[in-house]
Amino acid sequence: MALSKAELVEHIYKMVEAASGKRQLKASDLWKAVLKEHSELDKKDVQTAIKELIDGGRCVYTYFGGSYVELPRVEAAAKKG
Amino acid sequence: MSKTPLLDQLESGPWPSFVTDLKRMAAKKPQVKDLLAQLERSYQEKITHWKHGGIVGVLGYGSGIIGRYSDLAETFPGVEHFHTMRINQPSGWFYTTKALRGLCDIWDKHGSGLLNMHGATGDIIFLGTRTENLEPCFAELTANGWDLGGSGSTFRSPSCCLGPARCEWACYDTMEACYVLTQEMQFDMHRPSYPYKYKLKFSGCPNDCVAAVARADLSIIGVWKDDIRIDQAAVKAYAGGELKPRGGATPYAKLDIKADVTDLCPTHCMSYDGKKLAIDNRNCNHCMHCINLMPQALRPGTETGATLLLGSHAPILEGAQLSWVIQPFIVMESPYDEFKELNVRITEWWAEHGKNRERIGELILRLGMREFLEAAELPPAPQQVRIPRANPFFFWQQSDFDAEAKGRKYYTREGFDVE
């Protein structure tokens with residue numbers, strides 16, 4: 001079944017949320033997974049949905065050797081000591 | 001006694017010292033005093049006291065900010081946060097003094113005041129600010145026409161030589177191409193979506209003043225297709241010592257055309273009989289040696305464009321690798337559609353097949369040039385042979401025999417035959 005734009009955003013958010021603390025997901029992991037399930041979508045749709053999550057502050061880009069899409073958090077390095 | 005005896009030694013040599021610069025800045029910026037003290041401590045203990053920050057950034061962007069924290073924040077509070085900001089440089093690094101003063105004022109207000117002009121990729125590097133200063137600094141930069149550059153797994157800020165702005169050898173407008181691609185790739189620059197970093201560098205001629213062949217994943221190096229233009233009267237003037245070699249930028253007063261030019265031609269495609277210089281242009285590999293020595297006698301041809309090379313990077317384990325040719329000649333003229341479309345095909349294939357932290361050149365080494373050429377829709381060309389005669393083996397696949405039986409020549413992909 002085709003996903004609406006809003007549903008796609010929520011779908012991606014849930015993927016990021018489910019992976020939180022277990023696995024870091026790159027933007028390409030997200031579009032590859034989404035396109036596998038929803039072949040009617042294209043990569044641009046997924047990128048736009050990720051953009052919406054980032055611009056809305058629900059997800060952030062992180063960099064730990066590679067760039068990932070994650071839930072916002074206070075990083076360990078920012079703490080004193 | 002000095003508080004930084006080890007750092008002081010770095011001021012004792014004949015060269016300008018960053019320590020001297022830091023000390024000068026420390027007089028007005030307390031965080032720089034702490035920076036010096038922490039660095040002295042690192043030199044004593046032989047370990048870094050920086051911690052990597054992977055989350056800080058500005059809203060909407062996934063690049064341009066490199067997080068740094070001190071693990072001695074109690075002792076050196078001034079460097080508790082010391083993030084770096086990368087600012088996208090203008091094409092060719094041309095600035096007005098007003099623009100430079102504007103940048104410095106913004107950084108004095110929001111950061112340590114320390115900056116590098118420029119980082120290895122080409123960006124302006126602002127060194128040292130706190131997390132809460134990032135957004136206000138970014139807002140002021142954008143209000144003044146600046147933007148952050150690339151970092152992380154993104155399209156990095158492209159850079160170029162100054163091209164036709166100051167160089168008669170530029171075979172295309174490097175600064176325009178760099179600017180157009182910077183605008184075209186904004187999404188990929190600010191929103192990480194690649195397996196790893198991806199760099200473009202534009203050089204106007206094979207002298208390659210931005211070292212694109214060694215430092216860019218995709219190197220765009222200006223070249224000409226037709227014959228080198230020769231002014232025989234000027235050749236005579238060089239032979240007679242009336243014209244100085246290299247435009248005077250050499251201690252030698254007179255050129256020995258045979259010994260200095262034709263005998264040093266890497267393909268031996270030139271000859272000089274004492275009166276006339278002849279070039280077998282079909283065998284010229286565009287090394288620029290002769291043109292560099294006799295700039296008033298020789299000039300690149302008039303049918304100009306660029307050679308595209310792919311894959312240079314410097315991984316720690318394997319060592320530095322140069323780019324190699326993927327397209328011997330491409331016309332580089334606005335709006336650069338052919339180049340943009342090829343660039344998309346390259347990055348799409350890489351994004352699809354690349355592993356985490358695998359550069360495009362490494363992916364080609366893993367999957368093979370053949371697969372890459374098919375994906376990029378580039379025909380095979382002799383110039384793509386990276387190391388001629390070094391590897392005589394070619395591993396035929398069943399699909400090759402099947403293709404041959406069908407009358408196809410090189411490719412296994414349907415509809416992409418090359419005669």
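## Exercises on chain B

In this predicted model, chain B is split into four parts: domain 1 (5-143), domain 2 (159-220 + 303-388), domain 3 (229-299) and domain 4 (392-419).

**Exercise 1.** Describe how domain 2 of chain B and domain 3 of chain B are placed and how they touch.

*Solution.* Begin with the C-alpha centres of domain 2 of chain B and domain 3 of chain B, which are 31 Å apart. Next, take the residues in contact, where domain 2 of chain B contributes four residues and domain 3 of chain B contributes five residues. Then turn to the area buried between domain 2 of chain B and domain 3 of chain B, which comes to about 450 Å², with 64% of it given by carbon and sulfur atoms. On the side of domain 2 of chain B, Trp169(B), Pro206(B) and Asn207(B) supply 86% of the area that this domain buries against domain 3 of chain B, more than any other three residues.

**Exercise 2.** State how many salt bridges and polar contacts join domain 2 of chain B and domain 3 of chain B.

*Solution.* The count of salt bridges between domain 2 of chain B and domain 3 of chain B is zero, while one residue pair is in polar contact, with both residues at pLDDT 80 or more. Sorted by class, the side of domain 2 of chain B that touches domain 3 of chain B holds three nonpolar residues, one polar residue and no charged residues.

**Exercise 3.** Find the buried residues of helix 13 of chain B and what they pack against.

*Solution.* Within helix 13 (residues 360-367) of chain B, the buried residues are Ile360(B), Gly361(B), Glu362(B), Leu363(B) and Ile364(B). These buried residues pack against strand 13 (304-310), strand 14 (324-330), helix 12 (337-353) and helix 14 (369-376) of chain B. After helix 13 of chain B comes Gly368(B), which has a positive phi near 105°.

How values were computed: Residues are numbered from 1 along each chain as its sequence is written. Chains are lettered from A and ligands numbered from 1 in the order in which they are written. This is a predicted model: local features need pLDDT of at least 70, side-chain atom pairs count only at pLDDT 80 or more; totals for chains, interfaces and linings use all residues. Side-chain values use heavy atoms; hydrogens and water are left out. Domain bounds come from an automatic or database domain assignment. Contact means heavy atoms within 4.5 Å. Buried area is the accessible area (1.4 Å probe) that two parts lose on being put together, summed over both. A salt bridge is a side-chain nitrogen of Lys or Arg within 4 Å of a carboxyl oxygen of Asp or Glu. A polar contact is a pair of N or O atoms within 3.5 Å; within protein, one must be able to donate a hydrogen and the other to accept it, and residues adjacent in sequence count only if both atoms are side-chain atoms. Ala, Val, Leu, Ile, Met, Phe, Trp, Tyr, Cys and Pro count as nonpolar, Asp, Glu, Lys and Arg as charged, and the others, Gly among them, as polar. Buried means under 20% relative accessible area, exposed over 50%, partly exposed in between (1.4 Å probe, protein chains only). Helices (H or I, at least four residues) and strands (E, at least two) are DSSP runs, numbered from the N terminus.
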